[in-house]
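Hi there,

Here is the structure I promised to pass on to you. My notes on it follow below, and I hope they are handy.

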Amino acid sequence: MGETRIKVNGYTDNSAGHPGARGKAYNMQLSLRRARAVKSELIRDGVAEGTIETRGFGDADPLVRTKPNTREPQNRRVALSLTDYPA
């Protein structure tokens, strides 16, 4: 039997408490924390840790396009993708 790998990708909206690069860096870390929180829950539910990959994308790839520095709840998300690998 093969193995299923899970990619957990975190995202933010483009609002930030700090302007410029500092805000971008904050959002990048926030998106990674979101992904890691989901990974922790998956592990707690019995998913093998080694099958889960986390990544943070900050405000890249929004679901809803907005003007700069706009709070958009739909862009604050975690997306999962599953890939099956044969044995």
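A definition to begin with: a residue is called buried under 20% relative accessible area, exposed over 50%, and partly exposed in between, using a 1.4 Å probe and protein chains only. By that rule Arg 22, at 57% relative accessibility, counts as exposed.

Please keep in mind that this is a predicted model, in which local features need pLDDT of at least 70, side-chain atom pairs count only at pLDDT 80 or more, and totals for chains, interfaces and linings use all residues. Residues are numbered from 1 along each chain as its sequence is written, and side-chain values use heavy atoms, with hydrogens and water left out.

The helix

Helices (H or I, at least four residues) and strands (E, at least two) are DSSP runs, numbered from the N terminus. Arg 22 is found in helix α1. Arg 22 lies 29 residues from Thr 51 in sequence, and the two are 32 Å apart in space, C-alpha to C-alpha.

How does the span of α1 agree with its 25 residues? The expected span of a helix is 1.5 Å times one less than its number of residues. For α1 that should be 36 Å, and its end C-alpha atoms are 37 Å apart, which agrees. After α1 comes Gly 46, with a positive phi near 105°.

The buried residues of α1 are Gly 23, Asn 27, Leu 30, Ser 31, Leu 32, Ala 35, Lys 39 and Leu 42. What covers them includes β1, β2 (52-56) and β3 (78-85). Contact here means heavy atoms within 4.5 Å.

The sheet

Two strands pair if DSSP finds at least two bridges between them. On that basis 3 strands form an open sheet with mixed pairing, in the order β2-β1-β3. The edge strands are β2 and β3, each of which pairs on one side only. Neighbouring strands of this sheet are turned by 20° against each other on average, direction ignored.

β1 and β2 pair in the parallel sense over 5 bridges, and Val 8 stands opposite Thr 54 in β2. β1 and β3 run antiparallel and are joined by 8 bridges; Glu 3 stands opposite Tyr 85 in β3.

The core

A nonpolar core is a set of buried Ala, Val, Leu, Ile, Met, Phe, Trp, Tyr and Cys residues joined through side-chain atoms within 4.5 Å. The largest one has 5 residues: Ile 6, Val 8, Ala 35, Leu 42 and Ile 52. The elements that give two or more residues to this core are β1 (3-10) and α1 (20-44). Leaving out residues up to four places away in sequence, Ile 52 touches Ile 6, Val 8, Lys 39, Leu 42, Ile 43 and Val 47.

Salt bridges

A salt bridge is a side-chain nitrogen of Lys or Arg within 4 Å of a carboxyl oxygen of Asp or Glu. By this rule the count comes to 3.

- Asp 13 and Arg 76 meet through their side chains (2.6 Å, N to O). The pair links distant parts of the chain, 63 residues apart: Asp 13 is in the loop between β1 and α1, Arg 76 in the loop between β2 and β3. Asp 13 is buried, with a relative accessible area of 4%, whereas Arg 76 counts as partly exposed at 35%.
- Asp 59 and Lys 24 meet at 3.0 Å, N to O. This pair also links distant parts of the chain, with Asp 59 in the loop between β2 and β3 and Lys 24 in helix α1, 35 residues apart. Asp 59 is partly exposed, with a relative accessible area of 22%.
- Glu 41 pairs with Arg 44, the closest N and O atoms being 2.6 Å apart. The two are separated by about one helical turn, because they are 3 residues apart in helix α1. Glu 41 counts as partly exposed at 37% relative accessibility, and Arg 44 is exposed at 62%.

Best wishes

Key. Axes are lines fitted to C-alpha atoms, for helices over the stretch in contact, and angles run from 0 to 180 degrees between N-to-C directions.
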